Amino acid sequence: MEEMEEELKCPVCGSFYREPIILPCFHNICQACARNILVQTPESESPQSRRASGSGVSDYDYLDLDKMSLYSEADSGYGSYGGFASAPTTPCQKSPNGVRVFPPAMPPPATHLSPALAPVPRNSCITCPQCHRSLILDDRGLRGFPKNRVLEGVIDRYQQSKAAALKCQLCEKAPKEATVMCEQCDVFYCDPCRLRCHPPRGPLAKHRLVPPAQGRVSRRLSPRKVSTCTDHELENHSMYCVQCKMPVCYQCLEEGKHSSHEVKALGAMWKLHKSQLSQALNRLSDRAKEAKEFLVQLRNMVQQIQENSVEFEACLVAQCDALIDALNRRKAQLLGRVNKEREHKLKVVRDQISHCTVKLRQTTGLMEYCLEVIKENDPSGFLQISDALIRRVHLTEDQWGKGTLTPRMTTDFDLSLDNSPLLQSIHQLDFVQMKIPATPILQLEECCTHNNSATLSWKQPPLSTVPAEGYILELDDGNGGQFREVYVGKETMCTVDGLHFNSTYNARIKAFNKTGVSQYSKTLVLQTSEDTDSEEQTVPFPVPSKRLPLRRMSPFSSTLNLQPSFPRRSYFDFRSSPRQLSLHSSLQSLNALGCNFETQSSPYSQLVDIKKLLAVAWFAFDPGSAHSDIIFSNDNLTVTCSSYDDRVVLGKTGFSKGIHYWEFTVDRYDNHPDPAFGVARIDVMKDVMLGKDDKAWAMYVDNNRSWFMHNNSHTNRTEGGIAKGATIGVLLDLNRKTLTFFINDEQQGPIAFENVEGLFFPAVSLNRNVQVTLHTGLPVPDCYSSRASIA
């Protein structure tokens, strides 16, 4: 309860509220204190005189009654107070609790009336001592402000719970112990203040003075005044205005300014606001619980820092003692470093403990005050302050959520003594302070996806001072599975090839050095190619002039082809199709441009348009994975060989789903060689004819006939060969799991291979007598489309 005391004290007099009133800004002030801080504006500057004289806009237009009156429907009734012409040099005074208040322009006239009944000077202005917003009073003066009866009840209960002696309410500095209480004035007096302010003569001689304890009991037993409307003093509050957020009476609804406002039952709104405040308090209570646990954690950190310091000092002394006299002289300096580090850590943690303790005390005080307010059974009185309390609770809750519950200092001493130098370098002995590197930052503007590959780029934070020896890139399997390492090295850019099409991958990166490994970066979501609507368009992209060697790893069910990328971003040649073009690839939330070339097909028992099922891909030959005898030209779209033996070259893009078709044109054909065309795994043998091992499925052909070959097994000899200018087509249908070949737009033999599944790369094997050019981004041949539609 003691932590709630600050909530119960007036910001002007510093004592418990006496007849508190609620200002439009929802702050409270004693009625007597409110009268003391009234400021009277000059008649010439009053809003009434300006309207009467018809003068234009002045420096004090913000005090216009139409804008600033407490009863204005268009505004909240308060504004920023900036001083008045009547007392431009009047200094601000400080209340006992440090809040600046504005003194009255002239002393109030002597009167024996209560503050509420005493007349208020004309054109008076009151300024909130807490938020410094001001407003001009109307003819009712301070009676126009509602009384905070809930706060009075809370103060009464608080004072009853305290056993301390009652204090005088009129002492200017340190309040003395009260000796009497006037039942008529309802004020506690010490002897000096009673003689000075309540003399036993005149009208005051008839007042009854009782002991303070008896006065407290009589005050507690006195009936609570009934809440009445500030506009209609004879009417009780019966409804709640939703727009103005205040209780009103029935006359306000019939003839007052609330007649057109939405109103609700007083009891229903009372219960609703109590429920809202209770819910907000529950959340704030959780924050306070976390703060208490955080304080325990900080106090444990103090002990742990002390223990770590002792342990570290012992280790340091043991090492220094082994280095004879020279090390003993250096030892004192090193111990000073450790002590300085310890004091720094302790200072940071203790400062955080002090800050958190103060904030927790304030939070606890607010919570206890709100809980006492909730206990009140007066709906209208509660609703007068509930909105302000709810906002304060929310604001306090937000303050706890802005990283305040995170330690500012670690308990470890990041120091390591290097005792390897020889005796001649003893005077240069110093701590080797190694720390783990900072978390890398993914450069989103450099990250992109293309077909079924992804390029990621990262960097160290700009202010990082700890070097990183390398980086570890991790991806999941595209199905939300576990992360696996796909790259470890010093490069800050990596391209991952051979991913599944139409799949979503999560990527993250971390740095490492000799000390340890950093935290993971934020997870980046990568989306490989998706289906798009068919349309014809041409998208020119630059082709990289240089590409570094590939680094291959197999972290997934299919093989991943990893490589450090070239300095600028990798793009490929995108060509339009006369019949269909699908161009779309997304790096989630980055709008990166790429290419989409795979689909999910409908069941083949239904009539479907094969062209709608097909999305096309653009790719080139891959110099990084090819045999060294292969010669590339035409932006890696044309290949030949420098050897008389067959050599294998693969395409850059691997396929695992969808329907894909590409063609080769024979640019040169000498001495009747037998090149092979088909698909292969990434680890196919590169120095033999395609199809000799179990990693390739191919058709090899000469000038008269062709054969299908897999694992050195030759099948389906078919008449019809190739010559210069011939076109060989390869159709990989992974929906049906088949591989079919075409020569000059005619299917060559039956379906070559069935039940093919996995990750396949376009492939060709040739020698120096053959040169072929690759054509991609092509639709399925019409003959195959027709058969698929009928199937």
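So, the side chain of Arg647 comes within 3.3 Å of the backbone oxygen of Asp687. That's a polar contact, meaning a pair of N or O atoms within 3.5 Å; within protein, one must be able to donate a hydrogen and the other to accept it, and residues adjacent in sequence count only if both atoms are side-chain atoms. Before I go on: this is a predicted model, where local features need pLDDT of at least 70, side-chain atom pairs count only at pLDDT 80 or more, and totals for chains, interfaces and linings use all residues. Residues are numbered from 1 along each chain as its sequence is written, and side-chain values use heavy atoms, with hydrogens and water left out.

Back to Arg647. You'll find Arg647 in strand β29, residues 647-650. Helices (H or I, at least four residues) and strands (E, at least two) are DSSP runs, numbered from the N terminus. Is Arg647 buried or exposed? Arg647 is buried, at a relative accessible area of 10%. Buried here means under 20% relative accessible area, exposed over 50%, partly exposed in between, with a 1.4 Å probe and protein chains only. Leaving aside residues up to four places away in sequence, Arg647 touches, among others, His627, Asp629, Lys686 and Val764; contact means heavy atoms within 4.5 Å.

Okay, on to the rings. Searching the whole structure turns up 13 aromatic pairs. Rings of Phe, Tyr and Trp (its six-membered ring) pair if their centres lie within 6.5 Å; planes under 30 degrees apart count as stacked, over 60 as edge-to-face and the rest as tilted.

Take Phe312 and Phe413: their ring centres are 6.1 Å apart and the planes sit at 15 degrees, so this pair is stacked. The pair links distant parts of the chain, 101 residues apart, with Phe312 in helix α8 and Phe413 in the loop between α10 and β15. Phe312 is buried at 16%, and Phe413 is buried at 11%.

Now Phe619 and Trp662. Their centres are 6.0 Å apart with planes at 75 degrees, so that one is edge-to-face. Phe619 is in the loop between α11 and β27, while Trp662 is in strand β30, 43 residues apart. Phe619 counts as buried at 6% relative accessibility, and so does Trp662, at 1%.

There's also a cluster: Trp458, Tyr471 and Tyr487 form one aromatic group.

Last stop, Arg508. Its charged end sits over the ring of Phe483, 3.9 Å from the centre, and over the ring of Tyr520, 3.7 Å from the centre. For that, NZ of Lys or CZ of Arg has to be within 6 Å of the ring centre and within 35 degrees of the ring normal.
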